Amino acid sequence: HFTPQAHWINDPNGLVYLDEEYPLFYQYHPHSDLWGPMHWGHAVSRDLIRWEELPIALYPDELGSIFSGSAVIDRKNTAGFGASAMVAIFTHFNSGLQQQSLAFSTDRGRTWTKYSGNPVIPCPEGVRDFRDPKVFWYERAGATGHWVMLLAVGQCIWIYTSPDLKTW
């Protein structure tokens, strides 16, 4: 099991495999042992037993704190961020508003750039809970593939599709 050296940790996010290592992201408050402004902490392992804690991956910004989400490896470069870019899809949270955003890394998650078009899915009017995207690539024989997002909306799961992770 992974535990950071200090402070508050919660939901694991973005478990992927790339270049012989397993990146692990997690909700993290780096300044307290109590819940607070969420960041995405980061650790990696080569064997899922021994973990190396890395610097924080995603920090809060003008759109809000960084809540749960997922990460994918964009092997087909559908988003145009670079060959086999790692893309984080996460919920931005600010004053009760939850919306979906992207960040990408081309160096195995060591540095991140938030997508300038965030949020990629704004919260629909009148919806309170709109969070925790789970994203994966879906492709069947003879068909063009696409990204699928499962999103917790109230007590339901909404399903979105995208050709490029940006347009849903």
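Buried means under 20% relative accessible area, exposed means over 50%, and partly exposed lies in between, with a 1.4 Å probe and protein chains only. The legends below concern a predicted model, in which local features need pLDDT of at least 70 and side-chain atom pairs count only at pLDDT 80 or more, whereas totals for chains, interfaces and linings use all residues. Residues are numbered from 1 along each chain as its sequence is written, and side-chain values use heavy atoms, with hydrogens and water left out.

View 1. The protein chain has 0 helices and 11 strands, where helices (H or I, at least four residues) and strands (E, at least two) are DSSP runs numbered from the N terminus. The C-alpha atoms fill a box of roughly 45 × 40 × 30 Å along the principal axes. For 168 residues, a compact globule would have a radius of gyration near 15 Å, and the 16 Å of the protein chain agrees with this; the radius is taken over C-alpha atoms, and the globule rule is 2.2 Å times the number of residues to the power 0.38. Of the 168 residues, 47% count as buried. The protein chain exposes about 8,900 Å², of which carbon and sulfur atoms supply 52%, the areas coming from the Shrake-Rupley method with a 1.4 Å probe and, for residues, only the protein chains shown counting as cover. Among contacts (heavy atoms within 4.5 Å) with a separation of 6 or more, residues 24 or more positions apart account for 44%.

**View 2. The largest nonpolar core, around Val87 and Leu165.** A nonpolar core is a set of buried Ala, Val, Leu, Ile, Met, Phe, Trp, Tyr and Cys residues joined through side-chain atoms within 4.5 Å. Of the 19 residues in the largest such core, Val87 and Leu165 touch the most other members. Strands E6 (85-94), E7 (97-105), E9 (130-138) and E10 (146-153) each supply at least two residues of this core, and E10 gives the most, with 4 residues. A second, separate core of 14 residues includes Trp40, Ile73, Ala88 and Trp112. Most residues other than glycine have a negative phi, and most peptide bonds are trans. Phi of Leu165 is near 70°; Leu165 lies in the segment after strand E11 (156-162) and counts as buried, at 0% relative accessibility. Asp19, in the loop between strand E1 (8-13) and E2, has a positive phi of about 50° although it is not a glycine. Asp19 is partly exposed, with a relative accessible area of 48%.

**View 3. The loop between E8 and E9, with Pro119 and Gly126.** A cis peptide bond, with omega about -5°, joins Asn118 and Pro119, and Pro119 has its place in the loop between E8 and E9. Gly126 lies in the loop between strand E8 (113-114) and E9 and counts as exposed, at 82% relative accessibility. Between Gly126 and Asp19 there are 107 residues in sequence and 42 Å in space, C-alpha to C-alpha.

**View 4. The surroundings of His39.** His39 lies in strand E3 (residues 39-45) and counts as buried, at 6% relative accessibility. The side chain of His39 reaches the backbone oxygen of Pro37 at 3.0 Å. Not counting residues up to four places away in sequence, His39 touches several residues, including Tyr26, Tyr28, Ile56, Leu58, Tyr59 and Ile66.

View 5. A search of the whole structure finds 0 disulfides, a disulfide being a pair of cysteine sulfur atoms within 2.5 Å. The sulfur of Cys123 is 14 Å from the closest cysteine sulfur, in Cys156, and is therefore too far for a bond. Cys123 is buried, with a relative accessible area of 16%, whereas Cys156 is partly exposed, at 47%.

Technical notes. A polar contact is a pair of N or O atoms within 3.5 Å; within protein, one must be able to donate a hydrogen and the other to accept it, and residues adjacent in sequence count only if both atoms are side-chain atoms.
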